[in-house]
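Please open the structure in a viewer and keep the selection tool at hand.

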Amino acid sequence: MSREIKFSLVYRDMWQSSGKYVPRVDQLTKVAPHIVDMGCFSRVETNGGGFEQINLLFGENPNKAVRAWTKPFNDAGIQTHMLERSLNGIRMSPCSEELRKMMFRLKKKQGTDIARSFCGLNDPRNLKRSIRFAKEGGMIAQASLSITFSPVHTVEYYVDLANHLIDVGADEICIKDMAGIGRPESLGKIVKGIKAKNPQTIIQYHAHSGPGFAPASILEVARAGVEYIDVGMEPLSWGTGHVDLITAHEMLKDAGFIVPDINMNAYMEVRRLTQEFIDDFLGLYINPKNRFMNSLLIGPGLPGGMMGSLMADLENNLSSINKWLSKRDQPTLTQDELLIKLFDEVKFIWPKLGYPPLVTPYSQYVKNTALMNVMQLIKGKERWTLIDDNTWDMLLGKSGKLPGEVADEIKALAYAQERQFFDGDPQEFHDKQLGDELEKASDEMLKNKWEFGEDNEELFEFAMHPAQYRAYKSGEAKAAFVDDVTKRKSKTEDQPVVVSNNVVEERPQHLNITVDGQSFDVKIGYGQKEVGDHQQELVPAKVEVTKEIGQSVQAPLEGKFFLTKTSSEQPKKIGDEVKEGDIIGYIESMKVYNAIAANKSGVIQEICHHDGEDVEEDENLMILQ
């Protein structure tokens, strides 16, 4: 008798693989009944990953969003699943153990049935805790194998890992082929190897379509024994996303598998609404190139789930690089040229970084390091001069054991910076560093008279995403989001400066200029100059040095500035004394917090930016006297 294959719609990941955001809760609850009516989905991915944090960036409540979004599927008997990052929970940096435990209990109460847990390093110690915490919280514990392709990531490696995770309590296994670079034949062997020892364990296959292997891989893993296949649907399938439902359905049906019928009227309504959300505002954050498949992704192995944000980051970095180049009368780069430089650098540094599987957050760390290297090399500087603390934690073993060896040059750099390698338990290490995150968050919430919410869900969210939660509570997040959408929708109203080498630049009204270590605040006025038929150029009409200021601590990269990254930190304030090398704040860029150190000793005279405010490279963050 033919075997049944069931489908899961990864509606959350569909969006985050394509762009920066996911739909708002009002949009999600609008589309949910029609997803149910399609009648072909046994499971739907609803939250986790970046879902909760994105709601905060909207200035909206993620807890209300999760409850409202999961309810229609709960009522229909469709299982919901979330994605969580083991040691990091649903953020990009490690969590305390108690915060991780609370997450599973809470998400079950909010309507999420299955916890899909992955460790970007495939460290069983990190996954073992997630398995236990999920089961204690009443959830199905689905442990993931983060698939990549390297000399150390063999079929035997993955089969042994899966069998070990099942032995320690995993209810299910997810083959998480996040970059879609798993080779079909090898993936089939992995599934057969798992089933040989654990024939009753459910296996779910998740792949991105980017490099083109995914349809063949789906057929191979189905024949090898997989029970569930993750799919996307138009208008957000393929490209950096997932294989389309209809394609997977027809391919498996032709191969003799039993697959559920699709209500095409409901399908067309989900398709229409998804396009409506894109047209509303979400399309403003989707790079059109993410809609294409690209075999160039096979080389660097970067995951589809990251490509949406990568192209947005690349756009910002390209602007920054080209400003730097144009000021020095050097040829500027196209986005494609920068992308190829990045891909080449990822291939070059990945073995040196110990072959971490390229999945969030470690794909971000590798990509960020590569991009910083590219930027520094363009500027005539050396590699490895901008490595954020989270990446160092990965390299030093504080996030888990790397699959491969760190290169000697990285080890030498660590020793030169007096950094110590670590081979103990990552959770125990970070618990000592973080302390009781829930207690610290609770104290601040009581001080601010904030409600703890149903099942203490607001306490959880603040402890998990402190900087974003503060911006949400203050209203700054909503204002910044609305402002950004407005600017993107009215780009034509914001005319750029026309400069001689055709580089587009913004028009600053103030510049902070440093001469021999001394900073000056310069005010610039602009006037019009005819440069051709019916064309004008904005030129400086008046330049005024308004005041001399103290030593400045400048931003080494673009991003959002925060004084703290956890609820346990005390932010720097005016009048505080800092020493050279002290951390004065953080720049959130490309999904990690980059610690910014004072380059001089002194007393803080001025803090130039509010929490969550955008900063540009070389812009002043603080002034010291």
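In what order do the four strands of the open sheet stand? The order is β12-β19-β17-β14, and the pairing is antiparallel. The model under view is a predicted one.

**First stop: the open sheet**

Select residues 551-554 for β12 and residues 577-578 for β14. These two strands stand at the edges of the sheet, and each has a single partner strand, so one side of each is left without a neighbour there. Next, select residues 602-607, which form strand β17, together with residues 620-624, which form strand β19. Three bridges join β17 and β19 in the antiparallel sense. Within this pair, Glu606 may be picked out, for it lies opposite Ile623 of β19.

Ser117 is found opposite Ala143 of β5.

Select helix α6 (residues 124-136) and helix α7 (residues 155-167). Their axes lie 10 Å apart, and the helices pack at an angle of about 35°. The crossing of α6 past α7 is right-handed. To display the contact, show the side chains of Pro124, Leu127 and Ile131 on α6, and those of Leu161, His164 and Leu165 on α7. Five of the contact residues are nonpolar, one is polar and none is charged. An α-helix has 3.6 residues a turn, so residues three or four places apart point the same way.

Select residues 51-58, helix α3. Seven of its eight residues are buried, so the helix is largely enclosed by the rest of the structure. Among the buried residues are Phe51, Ile54, Leu56 and Phe58, and also Glu52, Gln53 and Asn55. Just after α3 comes Gly59, whose phi is positive, at about 85°.

**Last stop: cysteines**

How many disulfides does the count give? The count comes to zero.

Technical notes
Residues are numbered from 1 along each chain as its sequence is written. This is a predicted model: local features need pLDDT of at least 70, side-chain atom pairs count only at pLDDT 80 or more; totals for chains, interfaces and linings use all residues. Side-chain values use heavy atoms; hydrogens and water are left out. Two strands pair if DSSP finds at least two bridges between them. A disulfide is a pair of cysteine sulfur atoms within 2.5 Å. Axes are lines fitted to C-alpha atoms, for helices over the stretch in contact, and angles run from 0 to 180 degrees between N-to-C directions. A crossing is left-handed if the near helix is turned anticlockwise from the far one by less than a right angle, and right-handed if clockwise. Contact means heavy atoms within 4.5 Å. Ala, Val, Leu, Ile, Met, Phe, Trp, Tyr, Cys and Pro count as nonpolar, Asp, Glu, Lys and Arg as charged, and the others, Gly among them, as polar. Buried means under 20% relative accessible area, exposed over 50%, partly exposed in between (1.4 Å probe, protein chains only).
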